[in-house]
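Here is a friendly note to read beside the structure. Keep the viewer open and look up each residue as you reach it.

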Amino acid sequence: MMKLKKLAAVGLVGVMLAGLTACGGNSEKANAKTADGKEKEKLVIWSWGADEEKKSRETMVEAFQKAHPEIEVEHSVIPTADHVWDQKMTAALSAGTGPDVIQMSPDYYGLYTEYYEDLNPYVEKEGVDLKSVITEGMIEPYYRPDGKLEAMPLLENVFVLAYNKDMFDKFGVEYPTNDWTWDDLAENAKKFAGGEGADATYGIVNHWIDAGLSVICKGGNAYSDDLKTCEVNSQEVKDGLNLFGDLVQSKAMPDDTAAKSLPKEQLFVSGHAAMYTLGGFETKLIAEEVGDNFSWDAVSMPKVENGKNNLMYATGYAMLKTSKNKDAAWTFLKEAAYANEDMAKETSKIGLTSCKNIAETYYKDLEYGPIKNSAFLDGLSGAKLNIWGGAFSAAGDVYTQIWQSVTIDGKTAEEAMEEYYPALEKAFNEANGN
């Protein structure tokens, strides 16, 4: 699963330099030879991931190697748990010992852009119209406000609302529809609240994306489109927070203690929660765990008036300015993004690929249980990029305090905002250099 990447302290730079230099893009290791005796280009790639994500990264790169025997590829998949990726990445960037190609996310919001090569000249030389070959809406987040193209997309993931038909039938509740609003969800979720302890039932799981959804579910925004003005202290955001607070207080959603005792996916697959905000990256796993235990399906995320109704988690690859093999790096970037359909098929196993042709054919036709991948393709149009990534992670930490005050401490959104908003606004302005 793709995770929120936060800026980590760079205190480990000194200790890690020796190890990083050995595996970085500036390694002095002699290049291998091709079959005709020519020296191979050396390409060092760093990816992040674990489990299915790691496997997908590896098989994608294997497909690239198969297509390009003239390039010697050194690929590392680094875990994100316990800040391992953050520490290694920030240390390498600071020391100039990074790889040729590095995985990144546009939700860094320009945090590391000074280290990334501008890809516009490569695109112009290629003579390609990116919008014609990349899945609709997926290239735009990689452009900085000044026009710099800092990376190429790999995949995105959005969410649908999965629901347990058997639970809806048992409790006599009408199935969700694509026309549901968040008010409809909240009203119906309360009908499932009951029981105690291991026998408790809930309307919807407590999900790690809920804090982000609380910003947008009633039409609010965290900040302006130009990223300059903080808009968290609005009535729309407060309404969203209060909606989720009410879900917890009414026991339609597990409180923090209950959520920690049983993982969200287990709460759903065991038949204790009627609804689940299902990400494209986990559909296969959830379908396998549900099996034949109950009938289920999914609809689009609840509608939001005058706003986005979905959250998008995206990732791609950038070329570092320090790369000594920029032609090989660009070859990898373009093929990972759109020009190698075998790579795109491997990527499709864990998310919506940026390769438009594969996204609209192979990926779209995949099904896991009753869930069709076409639902995630449809969800892109209403999706907002992960709100509190990268440059805004400090402000996001303060928003987490607001969220916890409402959902754990039982405060109103108005009370939580009054207490924490000044600190959030300060962190946001600092991120913008104000």
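1. Let us begin with Asp226, which counts as partly exposed because its relative accessibility is 48%. Please bear in mind that this is a predicted model. Asp226 sits in the loop between α8 (210-216) and α9 (235-249). Now find Pro145: along the chain, Asp226 and Pro145 are 81 residues apart, yet their C-alpha atoms are separated by 7.9 Å.

2. Asp51 has a phi near 55°, a positive value in a residue other than glycine. Asp51 belongs to helix α2, which covers residues 51-67. With 67% relative accessibility, Asp51 is classed as exposed.

3. Is Asp82 buried or exposed? Asp82 is exposed, since its relative accessible area is 68%.

4. Next, turn to the interior. In soluble globular proteins, nonpolar side chains tend to be buried together. Here the largest nonpolar core has 136 residues, and Met152, Phe332 and Trp388 are those with the most contacts inside it. Helix α13 (residues 326-339) gives the most to this core, contributing eight residues.

5. How many disulfides does the structure hold? The count is zero. Take Cys217 as an example: the closest cysteine sulfur, in Cys230, is 17 Å from the sulfur of Cys217, so the two are too far for a bond. Cys217 is buried, with a relative accessible area of 4%. Cys355 also counts as buried, because its relative accessibility is 2%.

6. Finally, consider the empty space. Rolling a probe the size of a water molecule over the atoms shows where empty space is left. The structure holds two cavities of 30 Å³ or more, and the second largest cavity has a volume of about 30 Å³. Which residues line the second largest cavity? The lining is made of Glu156, Asn157, Val158, Gly280, Leu352, Tyr363, Phe376 and Leu380. These lining residues divide into five nonpolar, two polar and one charged.

How values were computed
Residues numbered from 1 in each chain as written. Predicted model: local features only at pLDDT ≥ 70, side-chain atom pairs only at ≥ 80, totals over all residues. Heavy atoms only, no water. 1 Å grid on protein atoms, 1.4 Å probe; cavity = no way out; pocket = protein on both sides within 12 Å on 5 of 7 lines; lining within 4 Å. Points joined across faces, edges and corners; volume = space filled by probe spheres on them. Nonpolar A, V, L, I, M, F, W, Y, C, P; charged D, E, K, R; others polar. Core = buried A, V, L, I, M, F, W, Y, C linked by side-chain atoms within 4.5 Å. Buried < 20%, exposed > 50% of the residue type's maximum accessible area, 1.4 Å probe, protein only. Helix = DSSP H or I, 4+ residues; strand = E, 2+ residues; numbered from the N terminus. Disulfide = S-S within 2.5 Å.
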